[in-house]
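Trainee: Could we go through this chain together, starting with the overall picture and then the backbone details?

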Amino acid sequence: MNEQPIHALDPRYYTDPELFKAERDGLLSTTWQFAGHCSQLNNPGDYFTFELAGESLFCIMGRDHVIRTFYNVCQHRAHQLVSGEGSTRVVVCPYHAWTYELTGQLRAAPNGHAVPGFDKSAICLNEVRTETFVGFIFVNLDPDAQPMDTWFPNARAELEAWLPNWQTLKPLEWVEIEEHCNWKVSVENYSECYHCTLNHPTFATGVIKPETYDIQPQGYCLRHTTECQSLDNMTYDIDHSKPHADEYSSWFLWPMFSFQVYPGNVLNTYHWRAVDTERVVVWRGWYTEGGWDSEVIRRLAVQDRATTVEEDIKLVESVQRGMKSRGYKPGPLIVDPKSGVNSEHSIRTLHQWIREAHNA
Ligand code: FES
Ligand SMILES: [Fe+2]
């Protein structure tokens, strides 16, 4: 039998606003999405708001120190409850002063007792599935979603092992990168290294050994692994006594978040936020113990922005223009049965997940 190569996805997945809308209502509302970092909530009543799939939501710490997430909408007549970030004893709606406990339970409604049969115990803010994961807060709008450990087997334990200090890590720097492309073009570019030797000069000559680079699915996680070159030429000092200090690894959590650990147990993250069909903002997070300033990490962030990020922006924006060309027909993926750095088996996996999201 003649085997046929697998072809890249149809361009409409990257250009059709209808498909983008379907992703917002479907994929974004049924997958684990980054909300924030645990260090943003230190005391009961601390909260912050964020947007997801066109919804305003807020995370708030309860008196039991549990972090909960609610739709940011009053159960009376739909006014927004909180904005920005802050700290509060109870959640008070600015419209008619209905007051909610930090657990979302309605505590008081002015003049409510005048209404026969008014049962405040039956009224509660609409809660959203929330998990903390290595110090990060993720939410899932699907109440029936499987837990993160089912979606991303072993990722939590591995990250905790790679980041022995994860409980004290805090964000030091967020670098915001705007890309004029569909979010999937950017995610695909992140998820293969077939383009690296040619486009990232620092990659082939830097810390990792390209010939050992590989990306393999682990549930809905794409796990990047590689061996490192001798770490003697690193631009920063490494405490080799820490476990995994001499390794590089990354965990991409489908669909829009990635943890990356550099040698020396240095954590950095990617968070993709799809703005519209042809625009995505990538947030690069950099972390240090206690969020303390670090010349080394700041220099890494600047260097990363100036090299890899800059090189990738040019690639993804060119691809987005190409997706709209009448002259483009999706070509075969280079899927090497032996995997490795010059294989696009990880793109094949991503395309399966994208088709799944569209029931195609
Ligand atoms: S809408 Fe919130 S108290 Fe009326
Ligand atoms: Fe790249």
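**Overall picture and backbone details**

Mentor: This is a predicted model. Of its 360 residues, the share that counts as buried is 32%.

Trainee: What radius of gyration does the protein have, and what would a compact globule have?

Mentor: A compact globule with 360 residues would have a radius of gyration near 21 Å. The value for the protein agrees with that, at 23 Å.

Trainee: Which residue in E13 stands opposite Gln216?

Mentor: Strand E12 covers residues 214-218 and strand E13 covers residues 221-226. The two run antiparallel and are joined by five bridges. In E13, the residue opposite Gln216 is Arg223.

Trainee: Which residue in the hairpin of E12 and E13 takes a positive phi?

Mentor: The hairpin has two residues between the strands. The positive phi, near 65 degrees, belongs to Gly219.

Trainee: Is the peptide bond from Trp254 to Pro255 cis or trans?

Mentor: Most peptide bonds are trans. Pro255 sits in the loop between strand E14 (248-253) and strand E15 (257-262). With omega near 5 degrees, the bond from Trp254 to Pro255 is cis.

Trainee: Is Ala78 buried or exposed?

Mentor: Ala78 lies in the loop between strand E4 (67-71) and strand E5 (85-87), and has a positive phi of about 80 degrees although it is not a glycine. Ala78 has 9, so Ala78 is exposed.

Trainee: How many C-beta neighbours does Asn111 have inside 10 Å?

Mentor: Asn111 is in the loop between strand E8 (106-108) and strand E9 (127-133). Asn111 counts as exposed, and the number of C-beta neighbours inside 10 Å is 8.

Methods:
Residues are numbered from 1 along each chain as its sequence is written. Chains are lettered from A and ligands numbered from 1 in the order in which they are written. This is a predicted model: local features need pLDDT of at least 70, side-chain atom pairs count only at pLDDT 80 or more; totals for chains, interfaces and linings use all residues. The radius of gyration is taken over C-alpha atoms; the globule rule is 2.2 Å times the number of residues to the power 0.38. A residue is buried if 20 or more other C-beta atoms lie within 10 Å of its own, exposed if 12 or fewer, and partly exposed in between; C-beta atoms are placed from the backbone. Two strands pair if DSSP finds at least two bridges between them. Helices (H or I, at least four residues) and strands (E, at least two) are DSSP runs, numbered from the N terminus.
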